Amino acid sequence: MNLGHGVHQVLAGGQGHLMSDTPLTLAETASVFGEMLTFRKLLAEADNPKLRKTMLASKS
């Protein structure tokens, strides 16, 4: 589970297990969005140019 899926489960938790399910397309959109927010923050905080290049090169 990653950040996007985790946030969704926390926010939808009050609806109960049967009502908190989400279609795969919506779940993956939230997942990728959360991943990109995290990556961009880490990239912005990286002050070493070699580290930034490594991060960008390893991003798939």
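Predicted model: local features only at pLDDT ≥ 70, side-chain atom pairs only at ≥ 80, totals over all residues.
Student: How many aromatic pairs does the count come to?
Tutor: Let's start with the rule: rings of Phe, Tyr and Trp (its six-membered ring) pair if their centres lie within 6.5 Å. Residues are numbered from 1 along each chain as its sequence is written, and side-chain values use heavy atoms, with hydrogens and water left out. By the ring rule, the number of aromatic pairs is 0.

Student: Where is confidence lowest, and where is it highest?
Tutor: The protein chain averages a pLDDT of 83, and 92% of the residues score at least 70. Helices here are DSSP runs (H or I, at least four residues), numbered from the N terminus. The lowest mean, 75, belongs to helix 1 (residues 3–12), and the highest, 96, to helix 3 (residues 49–58).

Student: Which residues of helix 2 are buried?
Tutor: Buried means under 20% relative accessible area, exposed over 50%, partly exposed in between (1.4 Å probe, protein chains only). On the other side of helix 2, the exposed residues include Phe 33, Arg 40 and Lys 41. The buried ones are Ala 27, Ser 31, Gly 34, Phe 39 and Leu 43.

Student: Why do the buried residues of helix 2 line one face?
Tutor: Take the directions from the helix axis to the C-beta atoms; those define the arc. Seen down the axis of helix 2, the buried residues line one face because they fall within an arc of 165°.

Student: Which residue meets Lys 59 in a salt bridge?
Tutor: A salt bridge needs a side-chain nitrogen of Lys or Arg within 4 Å of a carboxyl oxygen of Asp or Glu, and the count comes to 2. For Lys 59, the N to O distance is 2.6 Å. Lys 59 lies in the segment after helix 3 and its partner in helix 2, so the pair ties together parts 24 residues apart in sequence. That partner is Glu 35.

Student: And which ring does the charged end of Lys 59 sit over?
Tutor: The test is NZ of Lys or CZ of Arg within 6 Å of the ring centre and within 35 degrees of the ring normal. Here the charged end is 5.2 Å from the centre, and the ring is that of Phe 39.

Student: What about Lys 41: which residue does it form a salt bridge with?
Tutor: Both partners lie in helix 2, 4 residues apart, about one turn of the helix. The closest N and O atoms are 2.5 Å apart, and the partner is Glu 45.

Note on methods. Phe/Tyr/Trp six-rings, centres within 6.5 Å; stacked < 30°, edge-to-face > 60°. pLDDT = per-residue confidence, 0-100. Helix = DSSP H or I, 4+ residues; strand = E, 2+ residues; numbered from the N terminus.
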